[in-house]
Amino acid sequence: MSQPLLALQEVCKVYGQGAAQTPVLNHIDLQIAQGEFVAIMGHSGSGKSTTLNILGCLDTPTSGTYLFDGMHVEQMSTQQRALLRRFYIGFVFQGFNLLNRTSALENVELPLIYRGLSREQRQQLAMDALKAVGLEDYAHHTPGELSGGQQQRVAIARAIVTQPKVLMADEPTGNLDTQRSHEIMQILQSLNQEQGITIVMVTHEEEMAAYAHRRILFKDGQIESPELPPEAV
Amino acid sequence: MIWNAFVLALREIRRNLMRSFLTVLGIVIGVASVITMVTLGSGATAQVTQDVASLGSNLINVSPGQRMGMGVRTNAPSFKRSDVLALKNELRGVKAAAPVSRSAITANFGNAHWSTSLSGTTADYFEVREWRTQQGRLFTEAEERAGRALCVIGETVREQLFGKESPIGNQIRFHKMACTVIGLLQSKGQSSFGSDQDDIILMPLKTFQRRISGDQDINLIQVAILQGLDTSEYKRKIVKLMRDRRHLSDNEDNDFSVMDMKEIANMLSNITKVLTMLLGAVAAVSLLVGGIGIMNIMLVSVTERTREIGIRLAIGALEKEVLTQFLVESVVLSTFGGIFGILLAFVASSILAMLMSVPLVFNIWVIIAAFLFSAFIGVLFGYFPARKAARLDPIVALRHE
Ligand SMILES: Nc1ncnc2c1ncn2[C@@H]1O[C@H](COP(=O)(O)OP(=O)(O)OP(=O)(O)O)[C@@H](O)[C@H]1O
Ligand SMILES: [Mg+2]
């Protein structure tokens with residue numbers, strides 16, 4: 001087996017300090033290969049989002065190591081992690097996290113600004129991303145003028161507009177009807193198959209998890225069934 | 001990167017128009033009020049100095065009593081005509097010395113009446129004040145000694161009593177007497193005391209003492225020394241002469257005061273300077289209040305902005321990029337407010353200075369200081385909350401409620 005793209009070794013996460021300490025992740029070992037499409041499942045509060053945040057370099061483990069393409073993320077500076085996010089990672093948040101009073105198009109453009117692209121390039125790419133999620137007619141609507149499902153799709157467009165190496169999606173279909181959910185999954189699947197983008201997705205729905213190559217089941221901060229990657233079978 | 005930050009900052013300003021407007025407004029009002037108040041104050045000071053200088057630098061006022069602070073005088077015997085003669089004759093270098101006794105009266109001519117100041121004096125007065133007529137003539141020494149019912153009037157009195165008619169040869173009435181106008185004085189305009197110097201009627205001292213005051217008292221002697229002589233030396237000489245005449249022993253204080261125009265000018269400009277400082281302080285408070293307003297606006301928006309910063313950090317912005325954006329935003333807003341405030345101050349001070357008829361004296365340092373202060377406030381309250389947020393972990397910033 002080649003070197004995994006993402007690898008968590010003995011990762012623990014504890015929130016709070018002193019008496020208020022709550023362990024959230026308990027010795028997690030996880031490997032995800034380049035080009036994989038992984039679904040993370042589990043009960044509410046089992047630590048799925050926490051794990052995804054660590055994988056997305058938004059949060060740091062309390063102990064353990066995290067290797068991103070062989071690089072030790074836990075030893076990186078804030079700035080280095082920011083650059084990693086900028087150039088390699090797309091993130092779809094559970095709560096969208098769009099800028100208020102800012103059009104869908106400008107929200108999607110945002111990551112491109114920090115990549116130093118020209119205005120024309122940015123608008124072109126942002127418009128393409130909005131088309132991919134079927135929102136080209138809503139480019140100039142602000143989040144306040146969009147439904148929950150539409151906001152979710154803007155968030156997805158913002159995550160894929162940079163064509164990241166890895167896409168982290170925290171319940172990307174959580175607010176969508178079945179029809180729309182399947183459309184989104186097809187978008188993710190084609191990004192995975194055609195562009196080789198590695199995808200890590202948290203979901204509650206079996207139906208959506210079925211699009212992934214494998215599932216990882218979380219229970220109380222631990223991995224219950226670490227299914228082997230396909231090529232290892 | 002700076003350009004990028006500039007574009008982002010402008011976008012952010014436009015997106016939050018109300019907040020931006022309120023921020024700018026606070027700075028505009030603060031800067032404009034400080035500059036306007038100080039400008040008007042400086043204008044008033046300059047006006048006073050200029051006025052007093054025009055009174056003549058060779059003029060010395062001698063009055064009975066000691067000045068105890070502002071306008072308060074101790075009781076002391078007033079001067080007599082012999083004091084005036086002594087000042088005029090016993091000191092070499094004195095060009096002229098004139099007694100002045102004043103009374104407030106209401107003058108009538110036909111149906112017109114006008115409240116003004118009546119001064120009894122001698123012919124020397126016109127020499128002391130270097131005052132000529134524009135029509136008619138001045139009264140002579142002989143006419144003064146004879147106590148003739150004559151008078152010379154100022155431009156304002158003529159305008160109020162005579163309108164279009166010529167005053168010369170007409171009789172005006174006041175205080176149960178009639179008095180023939182023989183001359184109209186040249187206009188001198190406003191004095192530094194804020195009073196109209198042309199609002200005056202002058203008559204022979206003898207006539208004044210007989211018909212108006214009923215006593216021989218003189219409240220003021222104005223002495224003009226020859227041009228080029230040292231006024232302070234003459235002040236000493238006058239003090240010595242007057243002490244002798246009033247038989248003051250060495251351990252007694254002067255019961256009269258001697259002041260030259262320079263001192264009066266200093267005193268007045270000190271008063272206006274204090275006023276300027278007071279106005280400046282009031283305005284500085286308004287600048288501070290403006291600053292507190294800005295602070296409130298910035299703090300209220302900090303929750304929303306913390307989330308915004310979290311989003312930017314999460315998608316890969318560096319702390320310094322986010323901070324540059326916020327710094328540029330604050331600087332743009334406060335610069336804009338500062339420039340607008342300065343423009344408003346120019347307009348407001350021009351109009352007010354015209355209404356108050358004081359010269360326009362812009363103090364570049366006040367303008368610079370007000371501008372820098374506004375920039376400082378803007379940056380302080382725009383930048384530092386942002387810096388705190390930008391140092392958070394992105395995930396913490398995103399969770400901020
Ligand atoms: N900042 C925090 N401080 C303290 N506890 C936290 C914090 N963030 C998460 N937790 C706790 O960690 C546990 C795991 O949270 P996490 O968000 O990873 O759950 P999840 O599996 O994503 O749940 P869900 O399906 O509801 O999104 C929860 O019990 C939560 O209360
Ligand atoms: Mg979650």
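Q: What makes A:Glu106 and B:Arg15 worth a look: are they buried or exposed?
A: Both A:Glu106 and B:Arg15 are buried. This is a predicted model.

Q: Why is the pair A:Glu106 and B:Arg15 called a salt bridge?
A: The test asks for a side-chain nitrogen of Lys or Arg within 4 Å of a carboxyl oxygen of Asp or Glu. Here the N to O distance is 2.9 Å. One partner is Arg and the other is Glu, so the pair passes. The bridge crosses between chains, from helix H3 of chain A to helix H1 (residues 2–15) of chain B.

Q: How do you know that A:Glu109 and B:Arg11 form a salt bridge?
A: Their closest N and O atoms are 3.6 Å apart. The limit is 4 Å, so this pair counts as well.

Q: How many residues of each chain are in contact?
A: In chain A, 25 residues touch 25 residues of chain B. The area buried between the two chains is about 2400 Å². Carbon and sulfur atoms give 49% of that area.

Q: Why is B:Asp83 called buried?
A: Its relative accessibility is 7%. Buried means under 20%, so B:Asp83 qualifies.

Q: Why is B:Arg245 called partly exposed?
A: Its relative accessible area is 28%. That value lies between the 20% and 50% limits, so B:Arg245 is called partly exposed.

Q: What links B:Asp83 and B:Arg245?
A: Their side chains meet in a salt bridge, 2.7 Å from N to O. B:Asp83 is in helix H3 (residues 81–90) of chain B, and B:Arg245 is in helix H8 (residues 231–245), 162 residues apart.

Q: What makes A:Ser49 and A:Gln94 ligands of the magnesium ion (ligand 2)?
A: A donor N, O or S atom must lie within 2.8 Å of this metal. A:Ser49 (OG) and A:Gln94 (OE1) coordinate the ion at 1.9 to 2.4 Å, so both meet the cut-off. A:Ser49 is in helix H1 (residues 48–55) of chain A, while A:Gln94 is in the loop between strand S6 (89–92) and helix H3 (104–113).

Q: Why are A:Ser49 and A:Gln94 called partly exposed?
A: A:Ser49 has 23% relative accessibility, and A:Gln94 has 41%.

Note on methods: Residues are numbered from 1 along each chain as its sequence is written. Chains are lettered from A and ligands numbered from 1 in the order in which they are written. This is a predicted model: local features need pLDDT of at least 70, side-chain atom pairs count only at pLDDT 80 or more; totals for chains, interfaces and linings use all residues. Side-chain values use heavy atoms; hydrogens and water are left out. Donors are N, O and S atoms within 2.8 Å of the metal (3.2 Å for Na, K and Ca); water is not among the atoms, so sites may look incomplete. Helices (H or I, at least four residues) and strands (E, at least two) are DSSP runs, numbered from the N terminus. Buried means under 20% relative accessible area, exposed over 50%, partly exposed in between (1.4 Å probe, protein chains only). Contact means heavy atoms within 4.5 Å. Buried area is the accessible area (1.4 Å probe) that two parts lose on being put together, summed over both.
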